[in-house]
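Student: I would like to learn how to read a few features of a protein model. Can we work through one together?

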Amino acid sequence: LLNFDLPLIGSQNQKANIECLVEIANQNHALFEGLRLVIDKSVPEPQKIVLKQLFEICGGKVDTCVMVGLTSHLVQFRPLFQKNLNCIIVSPLWITRSILKNQLADISKFSLSPDMFFSSITVCTTQIFRKERDFMFACIDCYGGQWKTQLTPEVTHLIALTPHSKKVKIALSAGIYVVTR
């Protein structure tokens, strides 16, 4: 996945991620068909260029400004909510996750609403007791996040009891955030 916490500065990993997404997008020409998108000024220019390319490859139209009644989605990096836009406001990850899943991703998981502060993260756990894990997953789900029982490429954060496990080593080598309680 593209890491939207860092600017695209041309690292090898980021170039490989972009190439992979473009390759997948080329197989999903109708994914965003009928959707009109505006990428807000809060999204850094390098990401904006990549997102526009990906969205258009998948059949969507990118506009430069919100047109009430026509714009279906507004992509923002930070919540800069505007009133009465009548469009769905999502984070940039909504585009890449939709492409990776080959279907429109659940917009509630990519909300910039302050109430949905876990949106755009996917959590996995290791070494956590089942009752604690189930409680964590319920809280994460309630506040807009996603969870997986297995370490997958979609996982952004791994919650571990200790830093000494196979999952922790794999997560760290893959650039996944590791959190201990």
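Student: In which hand, left or right, does α2 pass α3 in their crossing?

Tutor: This is a predicted model. Two packed helices are described by the angle between their axes and the distance between the axes. Here the axes of α2 (residues 45-57) and α3 (residues 93-101) come within 10 Å and cross at roughly 40°. The two helices are therefore oblique to each other, and α2 passes α3 in a left-handed crossing.

Student: Which residues in α2 and α3 meet?

Tutor: From α2, Leu51, Leu54 and Phe55 take part; they meet Trp94, Ile95, Thr96 and Ile99 in α3. By class, this contact has six nonpolar residues, one polar residue and no charged ones.

Student: What is the order of the strands in the open sheet?

Tutor: The four strands run β6-β5-β7-β8, with parallel pairing. β6 (146-147) and β8 (177-180) are at the edges with a single partner strand each, so one side of each has no neighbour in the sheet. Inside the sheet order, β5 (residues 122-126) pairs with β7 (residues 157-160) in the parallel sense over four bridges. As for a bridge partner in β7, threonine 125 has isoleucine 159.

Student: Is aspartate 40 buried or exposed?

Tutor: Buried means under 20% relative accessible area. Aspartate 40 has 8%, so aspartate 40 is buried. Its place is in the loop between β1 (36-39) and α2.

Student: How many residues apart along the chain are aspartate 40 and arginine 78?

Tutor: They are 38 residues apart along the chain, and their C-alpha atoms are separated by 9.2 Å.

Note on methods:
Residues numbered from 1 in each chain as written. Predicted model: local features only at pLDDT ≥ 70, side-chain atom pairs only at ≥ 80, totals over all residues. Heavy atoms only, no water. Axes fitted to C-alpha atoms, helices over the stretch in contact; angles between N-to-C directions. Parallel < 35°, antiparallel > 145°, perpendicular 65-115°, else oblique. Left-handed = near helix turned anticlockwise from the far one by under 90°. Contact = heavy atoms within 4.5 Å. Nonpolar A, V, L, I, M, F, W, Y, C, P; charged D, E, K, R; others polar. Pairing = 2+ DSSP bridges. Buried < 20%, exposed > 50% of the residue type's maximum accessible area, 1.4 Å probe, protein only.
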